[in-house]
Amino acid sequence: MIVVALVVLLAALSTGLLARRSVTARPPLAAHVPGQPTWLSPAPPFRLRVWAIAAAILTAIAVACILFAPAFQVAAALLAAVILGLLTAILGRYASGCRESHAAVEAFRPRLAVPYAGKVGVHIGMWSPWIDRTGIPWVIVARTPGLFRELAAMYPGTPIVQGAIPASVTGAFYPHGAASNADFIAASDATDVFLGHGDSDKPLSASERVLQYDLVAVAGQAAIDRFAAAGLALPPEKIRVIGRPQTEGIRPGTKRRSRPPVVLYAPTWRHADDSLNVSSLAVADRIVQALLDRGCTVHFRRHFAGQNHAEAEAMIVRVNEMLEADHERTQRPHGWGAEEMERPLIEAFNDADAMVSDVSGIVVDFMASNKPLVMYAAQYADPDEFRASHPTAQAAYVIDRDLAQLGTVLDQALGKDPLAAVRAERADYYLGGPDRAEPAARFIALLEELGS
């Protein structure tokens, strides 16, 4: 019986050591990497420490039975050995999968990476089409295992790893300004480039966090001036003007408009703190009703973020119901709900004759269309004060906080459009000057420079 006890004890120790090794090593997860096995990624069915504890408990039970309950010696020893053998096999497969994934990533040798620590993975898709276009091997790098699983499902055709940026990467592009990006930067020798996911007058567009990156990619001169106004000492050699690839495919508008006009209403997300809110969702029903009263066809496109604000979500439901009811009554082809969210933003821009929005990156991209733009001044009763604080609004028709001038503003934007001449100059200022005729060229050139 001593021999049996020793066998069980050795099996338990082997399982415990394997579990401990798996816990401490924490090899990166990987998915969709060429040459990787078809199963998703090395992921143990339970927390590895649970296996180690189970092994220790089984060992104690087996040894106790052998020493103090002779009648159950053989049965207890066999049961413990079988369970421990199963645990060892599962952990061995996990360790093998980790090695296979690591080998696949090393063989793939990505040159570019998109590290991501944000909450909404759509930021990656804002840039990935042009990274794909270069043909340079690249990976998404997720900060946490939970985020890894979300992004692996969201981008099934893109290689993705979790943990540190692979050693082969020479250029890392950050579409989100999370504070934890500092962890990626500290652990990598790649050239780190801040992209962001839009150009706007929001405070985070001029955050001091950009100072930690090797390069800061901006759409145009407006972003450079915004950094200077915020007191951020960014030397010229750290700034790259790349325009806005996302405006590729936007057709400039003409003076001829649809009758009735088509208006894209695209409010930004509503902040939980009303004192920081820049969204028009609190008054969205009144804005939409004013558009309907003018016979407009309204395409309502909500922001993908901020879905935990109960009042905002209730307003979105109300606006959807308003548009559906008006469609049933008038047969005007309004757009709302999931269908409107799923269609490409460029298509929404091209279909519209004008846009109503807030302080948001979508405003800058819409400038490429040269069509009338209306902005809501959430914190301002005076439109001129709003324009002074938010340069994007200098070519926009501004709705004051209390909607006192709502009717007048909409009549101007949908009528004679006196700001038409100003918008072209503003578009050059924000979108990269005359070179914006090829919106993606400078971004692709930067990718090829850092990925070569």
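1. Leaving aside its neighbours within four places in sequence, which residues is Pro 137 in contact with? In this predicted model, they are Phe 108, Arg 109, Pro 110, Arg 111 and Leu 112. Pro 137 sits in the loop that joins helix 5 (128–134) to strand 3 (138–142). Pro 137 counts as partly exposed, because its relative accessibility is 31%.

2. In strand 5, Ala 172 is the residue opposite Ala 113. The strands concerned, strand 2 (residues 112–116) and strand 5 (residues 171–174), are paired in the parallel sense over two bridges. The sheet is open, its pairing is mixed, and its order is 1-4-3-2-5-6-7-8. At its edges are strand 1 (30–31) and strand 8 (239–241), each of which pairs on one side only.

3. Two helices should be noted with this sheet. Helix 6 (residues 145–154) packs on the sheet and touches strand 1, strand 2, strand 3 and strand 4 (160–162); its direction makes about 170 degrees with that of strand 4. Helix 17 (residues 441–451) lies across strand 2, strand 5, strand 6 (191–194), strand 7 (215–218) and strand 8, and runs at about 140 degrees to strand 5.

4. Another open sheet has five strands in the order 10-9-11-12-13, with parallel pairing. Strand 10 (297–300) and strand 13 are the edge strands, each pairing on one side only. From one strand to the next the twist averages 20 degrees. Strand 9 and strand 11 pair over four bridges in the parallel sense, and Tyr 265 stands opposite Val 356 in strand 11.

5. Helix 15 lies across strand 9, strand 11, strand 12 and strand 13, at about 160 degrees to strand 13. Its buried residues are Leu 406, Val 409, Leu 410, Ala 413 and Leu 414. Seen down the helix axis these fall within an arc of 115 degrees, so they line one face of helix 15. The cover over them includes strand 9 (262–266), helix 9 (284–293) and strand 13 (397–399).

6. The largest nonpolar core holds 33 residues, and Tyr 265, Leu 291 and Ile 399 have the most contacts inside it. Among the elements giving two or more residues to this core are helix 9, helix 10 (310–330) and helix 15. A second, separate core has 31 residues, including Ala 152, Leu 195, Ala 440 and Leu 450. Returning to Ile 399, its contacts beyond four places in sequence include Val 356, Val 374, Leu 406 and Val 409.

7. The whole structure has 20 salt bridges. Arg 270 takes part in one with Asp 274, where the closest N and O atoms are 3.5 Å apart. Arg 270 also has a salt bridge with Glu 311, at 3.3 Å between the closest N and O atoms. The latter pair links distant parts of the chain, since Glu 311 is in helix 10 and Arg 270 is in the loop between strand 9 and helix 9, 41 residues apart. Arg 270 counts as buried at 9% relative accessibility, whereas Glu 311 is exposed at 52%.

8. Which residues are linked in a network of salt bridges? They are Glu 340, Arg 343, Glu 347 and Asp 351. Elsewhere, Asp 417 and Arg 423 meet in a salt bridge of 2.7 Å, N to O. Asp 417 counts as buried at 9% relative accessibility, and Arg 423 is buried at 7%.

Key: Residues numbered from 1 in each chain as written. Predicted model: local features only at pLDDT ≥ 70, side-chain atom pairs only at ≥ 80, totals over all residues. Heavy atoms only, no water. Buried < 20%, exposed > 50% of the residue type's maximum accessible area, 1.4 Å probe, protein only. Arc of directions from axis to C-beta. Contact = heavy atoms within 4.5 Å. Pairing = 2+ DSSP bridges. Axes fitted to C-alpha atoms, helices over the stretch in contact; angles between N-to-C directions. Core = buried A, V, L, I, M, F, W, Y, C linked by side-chain atoms within 4.5 Å. Salt bridge = Lys/Arg side-chain N within 4 Å of Asp/Glu carboxyl O.
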